[in-house]
Amino acid sequence: MTGMQSVPAPTTATIFSTWTWSPIVDVLVVVAAVGYLYLVWRAARRDLHWPPLRTGCWLAALVVLVLAVDSALASYSHALFAVHMVVHLLLIMVVPALLVWAQPIRLLHDAAGPATATAIDRMRASRGFRILVSARFTVPLYSAVLLLTHLTGFQQAMSTHMWIHDSELLLYLISGYLLLLPLAGDELTIDPVWPYALRFVVLAICVGPDTLVGVTLMMSSTVLAPAYAASRDWGPSALADQNLAGIIMWLGGDGLMMLIMIAVAGQWIRTADRDTGLGPWLDGIRNRALLGSTDIDTDVDHEQAALDAYNARLAQLNGPPPDKRRSPRATCNTQTVAIGESPQEPSTAAPHTGHAPGRDELR
């Protein structure tokens, strides 16, 4: 991006005349667009269907990225904290979500060839990659980025040093992408994939930092970055601008996170997959409750398999211990019961002989 320059008061004309040129970003955007479309073409030649919606998400992500770094939003983000917050939300939520929905890793894996697919599989199985997409790393990173870049003196330093500003934008993009990579879609990441219930929990947790930053800026009476107002002689005061930025962060950040959660809910409904919906942990609880073990390789949702395993479980519970020797005269009458029925206790009454006992018999 070019150096910081003062901008005039926003008008219809200046909105279209204050676009900037970011050579590195713009070249990367062109390369990314051409490369993705080339891989889509290769996938079609290999008879691999690639949904047009994914391609649309990729191109939309690149367009939003250009708007964030080249358009009037980028120019006025140096003069208004509120506009900077809009750019921040675009880079940390909108662009990453669109990139995840575009699934470029899966496209590269399927269309680039066996050698590339092997390299991607090796990367996905590596410890470093698993750490990068783990919620233990991404959630603290996301929270720290929000808190440290907005509630400290970082905004003042960013407003006066261009390299800090550019680093901040890159940090937003990376932290948002790593957070949403295993959460927002079906991108090719780690195996097993995250259960949808767990995705909801993590996304709900991430609403907290958005709300905290937004409410703090909205309610604060101390100006954290006076450089915004000092760079212009028009518009709102520094405090009013900061409070508006807090409102945008609170409502916009929480609203965007809710939209992502709705998208995840739609994916959950479409897949209707128990393994990715509940996850192995809850499946283990079901196995333990019904079958007595989590190590039994049986699908409890399969009726006959569950019936056989349940009957085996009952036989194990009701039968004698394996180390206890049975009497040769003892007999065992094992019953097979269905799930929900109780095994009948053997009758201890004397057999009916058909005549009343005599006096000698009573003695």
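Select Asp121 to begin: this residue is partly exposed, with a relative accessible area of 33%. On the scale used here, buried means under 20% relative accessible area, exposed over 50%, and partly exposed in between (1.4 Å probe, protein chains only). The model is a predicted one, in which local features need pLDDT of at least 70 and side-chain atom pairs count only at pLDDT 80 or more, while totals for chains, interfaces and linings use all residues. Residues are numbered from 1 along each chain as its sequence is written, and side-chain values use heavy atoms, with hydrogens and water left out.

Asp121 and Arg124 form a salt bridge whose closest N and O atoms are 3.1 Å apart; the term denotes a side-chain nitrogen of Lys or Arg within 4 Å of a carboxyl oxygen of Asp or Glu. Side chains of opposite charge can pair when their charged atoms come close. Both residues belong to helix α7 (residues 114-125), three residues apart, about one turn of the helix. Helices (H or I, at least four residues) and strands (E, at least two) are DSSP runs, numbered from the N terminus. Arg124 is buried, its relative accessible area being 9%.

Next, select His109, in helix α6. This histidine is buried, with a relative accessible area of 18%. Its side chain and that of Asp121 are joined by a polar contact of 3.0 Å. A polar contact is a pair of N or O atoms within 3.5 Å; within protein, one must be able to donate a hydrogen and the other to accept it, and residues adjacent in sequence count only if both atoms are side-chain atoms. Setting aside residues up to four places away in sequence, His109 touches Ala117, Ile120, Asp121 and Leu188, where contact means heavy atoms within 4.5 Å.

Now display helix α3 (residues 52-70). Its 19 residues reach 27 Å from first C-alpha to last, close to the 27 Å expected at 1.5 Å a residue; the expected span is 1.5 Å times one less than the number of residues. Among the buried residues of α3 are Trp58, Leu62, Leu65 and Asp70. What covers the buried residues of this helix? The cover includes α2 (23-45), α4 (72-76), α5 (81-102), α6 (104-111) and α11 (162-180).

Move to Leu224, in the loop between α12 (196-219) and α13 (227-230). Leu224 is partly exposed, with a relative accessible area of 25%. Beyond its neighbours within four places in sequence, Leu224 is in contact with His150, Leu151, Gln156, Leu217 and Gln242. The C-alpha atoms of Leu224 and Leu239, 15 residues apart along the chain, are separated by 8.6 Å.

Select Asp241 and Arg232 for another salt bridge, 3.8 Å from N to O. Both of these residues are buried. The count of salt bridges comes to two.

Then select Leu251, in helix α14 (residues 238-271). This leucine is exposed, with a relative accessible area of 56%. Together with Leu244, Ile247 and Trp250, Leu251 makes a nonpolar surface patch of about 350 Å².

Finally, show the whole protein chain, which has 18 helices and zero strands. Of its 363 residues, 39% count as buried. Among contacts in the chain with a separation of 6 or more, residues 24 or more positions apart account for 73%.

Note on methods:
Patch = residues over 30% accessible without salt bridge, like charges linked within 9 Å, V, L, I, M, F, W, Y side chains within 5 Å. Areas by Shrake-Rupley, 256 points an atom, 1.4 Å probe, with all protein chains shown as cover.
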